[in-house]
Amino acid sequence: MYDQPPALNAPVLEVRNLTIEFPTHGERFRAVDDVSLALRPGETHCVVGESGSGKSVTARAILQIVDKPGEICGGEILFRRRATQAHFPDPIDLLRYRANSGAMRDIRGKDIAMIFQEPMTSLSPVHRIGDQVGEALRLHEGLTRRQARLRSIELLNQVGIRDPDRAVDQFPFEFSGGMRQRAMIAMALSCNPSVLIADEPTTALDVTIQLEILELIKTLQASHRMAVMFITHDMGVVSHIADKITVMRNGRVLETGEASDTLRDPQHPYTQELIQKAQELDRPSDLRLDMRGRRSLGPPIITTRDVGKAFVTSRTFLGQPREVSVALKGASIHLKEGENLGIVGESGSGKTTLARCIQRVYELSSGTVDYVGRDGASVDLAPLSETELRPIWREIRTVFQDPHSSLNPRMTVGEIIAEPLRNDPNGPTGPALRDRVIELLDLVELPATAAARYPHSFSGGQRQRIAIARAIGPNPRVILADEPTSALDVALRTTVLNLLLRLQEQLGLSFIFVSHDIAVIRYFCDRIAVMKDGMIVETGDTETVCASPQHPYTQLLLSAVLRV
């Protein structure tokens, strides 16, 4: 915190008794209920809570960009423009301005800026990065296009993007996830705002990139003297950057205090639960250890040998390959019956490509994938046709990363779960199919009434349960879990992982678990394979690798894990 005169250390932004409602089916749902918080210069105020707690709606209300039909029904949002030693202005209530007024548009981006959670949807795909970074400069600072371009290059360099003179003319799809988030930060900081709102800016990033982005925000905050409102559900992130913490649930503030006090001695039971869940993910699951103590693992059922995969990235005029990107370079692993094998690495390391090669979603460029079926016979999946693979696909199923996009919004939950069963020539039909769907819902701890509803009426954790029910419907032996908890809150994360472990014991499943989060791998998996640049650089028992990593890259991944 900066040493300043008392007046200059007053809150730059205060939210007082904010209430926001959404009309639904003749009723009104109160998404934000009498919320108050304050942001001070040079301070990072973390707003913590699970999905649906109201934290993002509160942030959007500050800029008056609450999604319709949401309505701000009461309260004040008091903002003080940048103060000087000679003059400390009186606060203005932002809610007195219309959302589309010139005064409000002048504040957005210039005085109060926002970094959104998913940069790929926040950035225009058809405009160059430099044009998007420079837009606020031309609008608020009156810079010419050339001046804005030069300033954009400076900003891209400031946020750590390599070769900014070239990057300024690139499109968002040419950037990695971390680079896109850096570009969003450059946009937000272009006009040197007094307040920066960061809405889950690191949720979808690898642990190493997450740490880089957090350090970048801290560095830029110090140089710009900003107040930062950081929205997150990750208590590890909170412990790393927060000066103050506000905990929200069901639209209400449950607890507010200094970060050190709240993390050391949380007062509300919900805050205690959040911290406990975060700490649980920093050690092996007791449920998994208990299962392994009672049941030994079987022989290998999947063995990959020297699997390689190359993608053609461009072709000649005659259709011949011109450029090839090698995604996998001789990957060899094995999965034992009843085992959980974790594949961990950063985005682009090849872990998802390996999982899709194992299931033969991708054709292999080289190598073999040997699968031992229920009858004990071994078959190499690499040369099989789609028709030959169909029975195998009922035994090797996938749970995808994003439950929002992996479920068809036009199908009921019952239809979604029943779909793979209908595709099985020997699957149940009629009343037996309905009974099986209800049985699967019960296995994932959802009520039978869920079958008649659509995915949009469920939370993220419930949608992932639906995806799990669909995956286990055909009685598989192996589940390929591709980042199944990365989009979930920390409390939901352990809940879903424990559900998968219970299903493993009930149904005799084996898991290949893909993740960039080594803490999740440590909780769930028996063995670990660490991938970098398409190669497996280290394998071994999970606890052995986590306690004594041998490869420098594994050491880097572990050092980037943020703990409470």
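Q: Where does Asn475 lie?
A: In this predicted model, Asn475 lies in the loop between α17 (460-472) and β17 (478-482).

Q: Why is Asn475 called partly exposed?
A: Its relative accessibility is 43%, and because buried means under 20% and exposed over 50%, with partly exposed in between, Asn475 counts as partly exposed.

Q: What makes the phi of Asn475 worth a remark?
A: Asn475 is not a glycine, and its phi is positive at about 55°, whereas most residues other than glycine have a negative phi.

Q: Which strand holds Asn17, and what is its phi?
A: Asn17 lies in strand β1 (residues 13-24), and its phi, near 50°, is likewise a positive value in a residue other than glycine. With a relative accessible area of 41%, Asn17 falls between the cut-offs of 20% and 50% and is therefore partly exposed.

Q: What is the peptide bond that joins Lys68 and Pro69, cis or trans?
A: The bond is cis, with omega about 10°, and Pro69 is found in the loop between α1 (55-62) and β4 (71-79); most peptide bonds, by contrast, are trans.

Q: How do you know that the span of helix α11 is close to what is expected?
A: Helix α11 (residues 269-280) has 12 residues and reaches 16 Å from its first C-alpha to its last, and the span expected at 1.5 Å a residue is 16 Å. Among the residues buried in α11 are Tyr270, Leu274 and Ile275, a term that requires under 20% relative accessible area.

Definitions and conventions:
Residues numbered from 1 in each chain as written. Predicted model: local features only at pLDDT ≥ 70, side-chain atom pairs only at ≥ 80, totals over all residues. Heavy atoms only, no water. Helix = DSSP H or I, 4+ residues; strand = E, 2+ residues; numbered from the N terminus. Expected span 1.5 Å × (residues − 1). Buried < 20%, exposed > 50% of the residue type's maximum accessible area, 1.4 Å probe, protein only.
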